[in-house]
Amino acid sequence: MKWRRFNGEPIQLSIKEEVRQAIIRETAKGFHLKVCIGTDSQVKGIDTEFATVIVFLREGHGGFMFIHNEKTRDVYSIKERMLIEVAKSIEIAYELCDMFTEYDVDMEVHADINTNPQFKSNLALREAMGYILGMGFAFKAKPDAFASSCCADKVVN
(Lines give C-alpha, C1' and ligand atoms only; values in the text may rest on other atoms or scores of the structure.)
Protein backbone atom coordinates (compact mmCIF):
# COMPACT_ATOMS: atom_id res chain seq x y z
CA MET A 1 0.00 0.00 0.00
CA LYS A 2 1.53 3.33 -1.06
CA TRP A 3 1.17 6.29 1.27
CA ARG A 4 2.17 9.93 0.83
CA ARG A 5 2.27 13.20 2.67
CA PHE A 6 -0.18 16.04 1.91
CA ASN A 7 2.51 17.77 -0.19
CA GLY A 8 2.66 14.66 -2.42
CA GLU A 9 5.99 13.37 -1.09
CA PRO A 10 5.89 9.55 -1.09
CA ILE A 11 6.41 7.73 2.21
CA GLN A 12 9.26 5.28 1.78
CA LEU A 13 8.93 3.38 5.07
CA SER A 14 6.05 1.09 5.95
CA ILE A 15 3.11 3.15 7.19
CA LYS A 16 3.46 1.56 10.62
CA GLU A 17 7.10 2.65 10.90
CA GLU A 18 6.33 6.13 9.52
CA VAL A 19 3.55 6.58 12.08
CA ARG A 20 5.85 5.35 14.87
CA GLN A 21 8.53 7.86 13.88
CA ALA A 22 5.95 10.66 13.68
CA ILE A 23 4.65 9.87 17.18
CA ILE A 24 8.18 9.76 18.62
CA ARG A 25 9.20 12.99 16.84
CA GLU A 26 6.08 14.94 17.78
CA THR A 27 5.91 13.80 21.41
CA ALA A 28 9.64 14.62 21.81
CA LYS A 29 8.69 18.19 20.80
CA GLY A 30 6.19 18.19 23.65
CA PHE A 31 3.01 17.86 21.58
CA HIS A 32 0.02 15.90 22.84
CA LEU A 33 -1.26 13.93 19.84
CA LYS A 34 -4.63 12.64 18.73
CA VAL A 35 -5.03 10.58 15.57
CA CYS A 36 -8.17 10.47 13.43
CA ILE A 37 -8.52 7.95 10.61
CA GLY A 38 -11.09 8.33 7.86
CA THR A 39 -11.90 7.39 4.28
CA ASP A 40 -13.98 9.10 1.61
CA SER A 41 -14.83 8.08 -1.93
CA GLN A 42 -15.97 9.71 -5.13
CA VAL A 43 -17.50 8.12 -8.20
CA LYS A 44 -15.92 9.59 -11.34
CA GLY A 45 -17.40 8.10 -14.48
CA ILE A 46 -16.66 4.37 -14.38
CA ASP A 47 -14.06 4.74 -11.59
CA THR A 48 -14.58 4.94 -7.84
CA GLU A 49 -11.69 6.59 -6.03
CA PHE A 50 -11.10 6.01 -2.33
CA ALA A 51 -8.83 8.14 -0.15
CA THR A 52 -7.86 7.07 3.36
CA VAL A 53 -6.17 9.56 5.67
CA ILE A 54 -4.34 9.34 8.97
CA VAL A 55 -4.67 12.79 10.53
CA PHE A 56 -2.36 13.75 13.40
CA LEU A 57 -3.63 16.59 15.57
CA ARG A 58 -1.09 18.42 17.72
CA GLU A 59 -3.22 19.81 20.54
CA GLY A 60 -3.31 23.56 19.97
CA HIS A 61 -0.65 23.42 17.23
CA GLY A 62 -2.30 22.25 13.98
CA GLY A 63 -1.69 18.92 12.43
CA PHE A 64 -0.56 16.87 9.43
CA MET A 65 -1.72 13.80 7.58
CA PHE A 66 -0.68 10.77 5.59
CA ILE A 67 -2.76 9.80 2.54
CA HIS A 68 -3.46 6.62 0.59
CA ASN A 69 -5.49 6.62 -2.66
CA GLU A 70 -6.86 3.76 -4.69
CA LYS A 71 -9.19 3.47 -7.67
CA THR A 72 -11.48 0.67 -8.72
CA ARG A 73 -13.94 0.04 -11.52
CA ASP A 74 -16.26 -1.90 -9.22
CA VAL A 75 -19.81 -0.56 -8.97
CA TYR A 76 -21.34 -0.13 -5.49
CA SER A 77 -24.64 0.90 -4.00
CA ILE A 78 -24.36 3.95 -1.73
CA LYS A 79 -24.66 1.78 1.40
CA GLU A 80 -22.03 -0.66 0.15
CA ARG A 81 -19.63 2.19 -0.70
CA MET A 82 -20.09 3.76 2.76
CA LEU A 83 -19.32 0.43 4.44
CA ILE A 84 -16.26 -0.11 2.23
CA GLU A 85 -15.01 3.32 3.32
CA VAL A 86 -15.46 2.28 6.95
CA ALA A 87 -13.72 -1.06 6.31
CA LYS A 88 -10.71 0.74 4.78
CA SER A 89 -10.47 3.02 7.82
CA ILE A 90 -10.79 0.10 10.24
CA GLU A 91 -8.13 -1.87 8.36
CA ILE A 92 -5.50 0.82 8.96
CA ALA A 93 -6.77 1.60 12.48
CA TYR A 94 -6.42 -2.07 13.39
CA GLU A 95 -2.91 -2.21 11.94
CA LEU A 96 -1.84 0.79 14.05
CA CYS A 97 -3.94 0.49 17.25
CA ASP A 98 -1.33 -1.38 19.32
CA MET A 99 1.16 1.38 18.63
CA PHE A 100 -1.34 4.08 19.66
CA THR A 101 -1.88 2.19 22.92
CA GLU A 102 1.89 1.78 23.41
CA TYR A 103 2.49 5.54 23.02
CA ASP A 104 -0.76 6.60 24.74
CA VAL A 105 -2.17 8.35 21.65
CA ASP A 106 -5.94 8.78 21.41
CA MET A 107 -7.44 7.54 18.16
CA GLU A 108 -10.84 7.90 16.48
CA VAL A 109 -12.30 6.38 13.33
CA HIS A 110 -14.33 8.88 11.31
CA ALA A 111 -17.14 7.81 8.98
CA ASP A 112 -18.31 10.06 6.15
CA ILE A 113 -21.91 9.17 6.98
CA ASN A 114 -24.60 11.69 7.73
CA THR A 115 -26.56 11.35 10.98
CA ASN A 116 -29.52 13.08 9.28
CA PRO A 117 -31.90 10.43 7.84
CA GLN A 118 -32.68 12.71 4.87
CA PHE A 119 -29.26 11.92 3.37
CA LYS A 120 -28.57 8.73 1.38
CA SER A 121 -25.42 7.89 3.34
CA ASN A 122 -27.53 7.54 6.50
CA LEU A 123 -28.57 4.06 5.25
CA ALA A 124 -25.20 2.76 6.46
CA LEU A 125 -25.03 4.59 9.82
CA ARG A 126 -26.13 1.77 12.13
CA GLU A 127 -23.88 -0.85 10.51
CA ALA A 128 -20.90 1.51 10.35
CA MET A 129 -21.28 2.55 13.97
CA GLY A 130 -21.64 -1.08 15.08
CA TYR A 131 -18.61 -2.13 13.02
CA ILE A 132 -16.36 0.63 14.41
CA LEU A 133 -17.53 0.39 18.03
CA GLY A 134 -17.47 -3.42 17.82
CA MET A 135 -13.77 -3.23 16.95
CA GLY A 136 -13.27 -1.17 20.12
CA PHE A 137 -12.57 2.15 18.38
CA ALA A 138 -13.99 5.59 19.12
CA PHE A 139 -16.49 6.59 16.42
CA LYS A 140 -17.41 9.93 14.85
CA ALA A 141 -19.94 10.60 12.07
CA LYS A 142 -20.86 13.82 10.28
CA PRO A 143 -20.69 16.64 11.25
CA ASP A 144 -17.87 15.64 13.65
CA ALA A 145 -16.04 13.30 11.24
CA PHE A 146 -13.61 15.83 9.75
CA ALA A 147 -10.94 13.24 8.84
CA SER A 148 -13.29 11.63 6.32
CA SER A 149 -15.69 14.45 5.42
CA CYS A 150 -13.04 17.21 5.09
CA CYS A 151 -9.51 15.79 4.84
CA ALA A 152 -10.17 12.65 2.75
CA ASP A 153 -12.88 14.52 0.82
CA LYS A 154 -10.31 17.14 -0.24
CA VAL A 155 -8.09 14.37 -1.62
CA VAL A 156 -10.76 12.72 -3.79
CA ASN A 157 -12.36 15.97 -5.07
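Modeller: Buried means under 20% relative accessible area, exposed means over 50%, and partly exposed is what lies in between, computed with a 1.4 Å probe on protein chains only. The structure discussed here is a predicted model, in which local features need pLDDT of at least 70 and side-chain atom pairs count only at pLDDT 80 or more, whereas totals for chains, interfaces and linings use all residues. Residues are numbered from 1 along each chain as its sequence is written, and side-chain values use heavy atoms, with hydrogens and water left out.

Biologist: What makes Glu127 and Lys79 a salt bridge?

Modeller: The term asks for a side-chain nitrogen of Lys or Arg within 4 Å of a carboxyl oxygen of Asp or Glu, and in this pair the N to O distance is 2.7 Å, so the side chains meet in a salt bridge. The pair links distant parts of the chain, Glu127 in helix H3 and Lys79 in helix H2, 48 residues apart; helices (H or I, at least four residues) and strands (E, at least two) are DSSP runs numbered from the N terminus.

Biologist: How many salt bridges does the structure hold, and which residues are linked in a network of them?

Modeller: There are 12 salt bridges in the structure, and Arg5, Glu9 and Glu18 are linked in a network. Lys34 forms a further kind of example with Glu108, the closest N and O atoms being 2.8 Å apart. Because Lys34 lies in strand E2 and Glu108 in strand E5, this pair ties together parts that are 74 residues apart in sequence. Lys34 is partly exposed at 30% relative accessibility, whereas Glu108, at 10%, is buried.

Biologist: Where does the charged end of Lys88 sit?

Modeller: The charged end of Lys88 sits over the ring of Phe50, 5.0 Å from its centre; the rule requires NZ of Lys or CZ of Arg to be within 6 Å of the ring centre and within 35 degrees of the ring normal. Arg58 is placed in this way over the ring of Phe31, its charged end being 5.5 Å from the ring centre. Lys88 also meets Glu70 in a salt bridge, at 3.1 Å from N to O.

Biologist: Why is the pair of Phe56 and Phe64 called stacked?

Modeller: Rings of Phe, Tyr and Trp (its six-membered ring) pair if their centres lie within 6.5 Å, and planes under 30 degrees apart count as stacked, over 60 as edge-to-face and the rest as tilted. By this rule the count comes to four aromatic pairs. For Phe56 and Phe64 the ring centres are 4.6 Å apart and the planes stand at 5°, so this pair is stacked. Phe56 and Phe64, together with Phe66, form one aromatic cluster.

Biologist: Are Phe56 and Phe64 buried or exposed, and what makes them so?

Modeller: Phe56 has 0% relative accessibility and therefore counts as buried, and Phe64, at 19%, counts as buried too, since the limit is under 20%.

Biologist: Why are the buried residues of H3 placed on the same side?

Modeller: The buried residues of H3 (residues 125-134) are Leu125, Ala128 and Ile132. They cover an arc of only 70° around the axis, which puts them on the same side of H3, the arc being that of the directions from the helix axis to the C-beta atoms. On the other side of H3, Arg126 and Gly134 are exposed. The buried residues pack against helix H2, strand E5 and strand E6, contact meaning heavy atoms within 4.5 Å.

Biologist: Which residues touch the most other members of the largest nonpolar core?

Modeller: A nonpolar core is a set of buried Ala, Val, Leu, Ile, Met, Phe, Trp, Tyr and Cys residues joined through side-chain atoms within 4.5 Å. Of the 34 residues in the largest one, Val19, Ile54, Phe56, Phe66, Phe100 and Met107 touch the most other members. H2 gives the most to this core, with nine residues. Apart from this core lies another, of 11 residues, among them Cys36, Val55, Met65 and Ile67.
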